[in-house]
Amino acid sequence: MIVTLTLNPSLDRTIEVDRLERGAVLRTSEPVLEPGGKGVNVTRALTANGIPSLAIAAVAGAEGAELSRLLERDGILCRFVPVSGRTRSNTTICDADGTVTKLNEPGSPLRADDLEAIATAIRTSVRDGDWLVVSGSTPPQLSGAQISVLLAEAAEAGADLVVDTSGEALAAAVNAHPRLIKPNGEELAELVGRPLASIAEVIAAADEVRERGVQFVLVSLGAQGAVLVGPAGAIVGESHVEHPRSTVGAGDSFLAGFLSKFTADESALEGALLEALSWGAAATRLPGSAVPQPEDLNPTDVRLVWQPDLDRPLVAS
């Protein structure tokens with residue numbers, strides 16, 4: 001079973017405009033309201049493609065109740081952990097040309113009893129041989145030490161750990177020696193403390209992180225593809241979407257696609273990277289944070305690059 005943990009989920013509202021203009025009064029599309037949070041999105045994508053997954057999500061207030069209702073409506077297997085404060089609301093504005101503007105709230109801090117409730121949920125939901133995906137932003141004031149305590153619960157349960165977060169949370173997670181981390185280029189640069197200007201520098205940074213006890217580093221580079229670095233070296237892949245509609249949640253579908261193959265056969269690294277790229281590309285053609293269904297996937301969108309130009313400059317996304 002692939003279990004996801006979302007400490008800071010959200011109620012996501014997406015609207016479309018012809019062109020975002022600061023200070024103007026604009027007409028929008030009908031809003032799309034969806035459950036959000038990176039771990040929640042991973043479970044949604046896996047479920048949509050027939051892969052069993054359980055989402056553990058901390059929820060609070062009216063927004064948390066609505067988030068729970070939407071997930072239950074869609075048949076997503078969840079364990080909701082009631083916490084203090086309120087669940088955040090995020091707004092995404094999509095321009096007709098594919099430009100995406102996101103307004104993300106910080107969420108509410110977690111109290112000591114909230115963290116204990118989450119630890120209990122991990123302890124009683126994760127079994128030996130499961131995969132636990134800790135994904136998304138963390139609530140305000142959550143320390144690296146507190147994150148380490150939660151990750152220790154997964155280790156004690158015998159789960160394989162996957163982490164997709166950033167900043168202090170990602171640094172703390174690396175110290176827990178996860179099997180896999182999935183930073184984007186900027187998050188990896190922050191983790192190693194220097195800018196990364198090429199694929200070669202991305203691979204070198206990933207190898208540096210691996211020396212700290214991480215087995216696989218899966219780096220998403222947006223429209224420039226992705227790099228997987230593991231014990232056998234690096235694999236580079238590319239994807240192409242002619243008319244992207246929304247990139248919100250595409251990285252979560254990307255990770256879900258990778259895990260759909262990798263957790264079943266850890267030797268199929270090339271196939272797992274292609275699946276990740278295909279799911280991520282499909283997500284960008286969908287509105288809001290919608291996740292791809294099997295019929296949305298198009299293998300011709302993606303390819304592996306066997307002789308990549310490692311020194312080609314990366315374009316800031």
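Predicted model: local features only at pLDDT ≥ 70, side-chain atom pairs only at ≥ 80, totals over all residues.
Trainee: Among contacts with a separation of 6 or more, what share do residues 24 or more positions apart account for?
Mentor: The protein chain is built from 9 helices and 14 strands. Within the protein chain, of the contacts with a separation of 6 or more, the share that comes from residues 24 or more positions apart is 67%.

Trainee: Which strands are the edge strands of the open sheet?
Mentor: The open sheet has 10 strands with mixed pairing, in the order E5-E4-E1-E8-E9-E10-E11-E12-E13-E14. An edge strand pairs on one side only, and this holds for strand E5 (78-82) and strand E14 (302-304).

Trainee: Which residue is the bridge partner of Glu238 in E14?
Mentor: Strand E13, residues 233-239, pairs with E14 in the antiparallel sense over 3 bridges. Glu238 has its bridge partner in E14, and that partner is Arg303.

Trainee: Helix H1 packs on the sheet, but what angle does its direction make with that of E1?
Mentor: Helix H1, residues 38-48, touches strand E1 (2-6), strand E4 (53-59), strand E8 (131-135) and strand E9 (160-164) as it packs on the sheet. Taken between the directions of helix H1 and E1, the angle is about 150 degrees.

Trainee: Which residues does Leu5 touch, not counting residues up to four places away in sequence?
Mentor: Leu5 is one of the residues with the most contacts inside the largest nonpolar core. With residues up to four places away in sequence left out, Leu5 touches Ile56, Ile118, Ile122, Leu132, Val133, Val134 and Ser135.

Trainee: Is Leu110 buried or exposed?
Mentor: Leu110 sits in the loop between strand E7 (100-104) and helix H3 (112-125), and, leaving aside residues up to four places away in sequence, Leu110 touches Val83, Leu115, Ile118 and Pro139. Leu110 and Asn8 are 102 residues apart in sequence, while their C-alpha atoms are 9.5 Å apart in space. Because buried means under 20% relative accessible area, and Leu110 has 15%, Leu110 is buried.

Trainee: Is Gln141 buried or exposed?
Mentor: Gln141 belongs to the loop between E8 and helix H4 (144-157), and, although not a glycine, Gln141 has a positive phi of about 75 degrees. Since a residue counts as exposed over 50% relative accessible area, the value of 71% for Gln141 makes this residue exposed.

Trainee: What phi does His177 have?
Mentor: Most residues other than glycine have a negative phi. His177, in the loop between helix H5 (167-174) and strand E10 (180-181), is not a glycine, yet its phi is positive, at about 55 degrees.

Technical notes: Residues numbered from 1 in each chain as written. Heavy atoms only, no water. Pairing = 2+ DSSP bridges. Helix = DSSP H or I, 4+ residues; strand = E, 2+ residues; numbered from the N terminus. Contact = heavy atoms within 4.5 Å. Axes fitted to C-alpha atoms, helices over the stretch in contact; angles between N-to-C directions. Buried < 20%, exposed > 50% of the residue type's maximum accessible area, 1.4 Å probe, protein only. Core = buried A, V, L, I, M, F, W, Y, C linked by side-chain atoms within 4.5 Å.
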